[in-house]
Amino acid sequence: MKTSTLVILVMSIALFSSCSSNKYVSYLKENTEVVKMKDSLQFNSLDDHFYQNKLFLVGEVHEVETSPRIDFAVFSQINKKIKVDVYLAEMDMAQGYYLQEYIKGSNEIELKNILKKWPVFIGSISEQYRNKWKKMRAYYHQLPENSKFKLVGVDRIADFDLVRKLLKEKLPKKYHNEIQSDNDALISWSKTELETILENEKSSFDESTFNLLKNIAFNLANYKENRSRDKFMYQNFKRLFTQNQWKNKNIYGGFGFSHTLQAYHYTFAGRVKKDTTLPYTNKMVSLNSLYVDSKLTVDSRALPKFMQDKGKAFTKFKYSQDNRLFMYIKGIADYKKVTKPNTISLLKLDAKNSPYLNSTRGTKVKKLVTIWDAYDIIEGTNTTDYAQYILFIRNADWIQPDEN
């Protein structure tokens, strides 16, 4: 009797908590734009208030097929409307430098080699991501000169070989033999020698090159002391902000979902928002992606054997954030109620009188089995403290990894 009562109670709670709320659904019906999956991603509901921001962040799960499409679509739409001056990339400074050169037209380094050690691992082994950068290059070239943008990497060093290549390109030849081939030795050399070299040779560099080398030196010198990618992103961003006088520039960043959550003190977005010496406390916006009935690419070794695609290096994994076993977002039923299968929808959460301004519905995660990281909701916060828009994706495919 006790067991059956418990089962009924659990089932009742599950059923109750999965229900949508009329209050939230009514609000969402007025603040949701639904776009078919295969249509061009043009979001007409983005209003003047949205474009008054100065820092625009899109958060994605990299391994879902829609991610590179959404990144390019939102970036190009913002650029068309107000001109984006800077594209922040989730890659290190050397990778960002060479990717910018590629986008400008250089063929010195093959795109695949620029991305070889990209922290976004699926981006280093998939044609879909390479196609995004090829598309970005074509887009850059058709822009008028006064609408072109600069791409910069802000992440922790991932490709030391590209760092060495950059140092050899920019430093006078007499120092090339000092550039160490061992990573630890390179880091030590940067602490003891590189800063002195830069100061001694300062007059031989233009301002842009000098700042680039100073930033590389900073990233090398702090590589072991700072293990946090988010902290590095924030520190690099702040250095670039000061060096390049970005106060009045429009800046866009495409990042993994967690980096763009604004409420936390340790994420990139949270650090930027809480820094009162920067002008973004009330001038930044996050558009974060949520997924139902979708697929994503997972390294099979990261999964229990019974969940792997047998004999495959990568598993095409069912990913749905309404899955009670692995991840369930309380209130996701509201999002489903106002959208349709095979669509990408834009949900504005912070419109006037939005119920999301005073609750955590649509954000709080429940799960029974931990496979994916989840974020505890901070007491006293609301849904819109984390992101102001949701990109709600239904029935997306995985990112196809390279076969070799």
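Which residue lies over the face of W133, and at what distance from the ring centre? Select W133 and K132: K132 lies over the ring face, 4.2 Å from its centre. A charge counts as over a ring if NZ of Lys or CZ of Arg is within 6 Å of the ring centre and within 35 degrees of the ring normal.

The model is predicted, with local features needing pLDDT of at least 70 and side-chain atom pairs pLDDT 80 or more, whereas totals for chains, interfaces and linings use all residues. Numbering runs from 1 along each chain as its sequence is written, and side-chain values use heavy atoms, without hydrogens and water.

Next, select Y140, where the charged end of K148 sits over the ring, 4.5 Å from its centre.

Across the whole structure, 30 aromatic pairs are found (rings of Phe, Tyr and Trp, the last by its six-membered ring, with centres within 6.5 Å; planes under 30 degrees apart are stacked, over 60 edge-to-face, the rest tilted). Y87 and Y252 form a tilted pair, because their centres are 5.4 Å apart and their planes stand at 40°. Y87 belongs to strand 3 (residues 86–92) and Y252 to strand 5 (residues 251–256), so the pair ties together parts 165 residues apart in sequence. Strands are DSSP runs of E, at least two residues, and helices runs of H or I, at least four, numbered from the N terminus. Y87 is buried at 1% relative accessibility (buried is under 20% relative accessible area, exposed over 50%, partly exposed in between; 1.4 Å probe, protein chains only), and Y252 is buried at 0%.

Finally, select N53, in the loop between helix 3 (48–51) and strand 2 (55–60). N53 is buried, with a relative accessible area of 8%.
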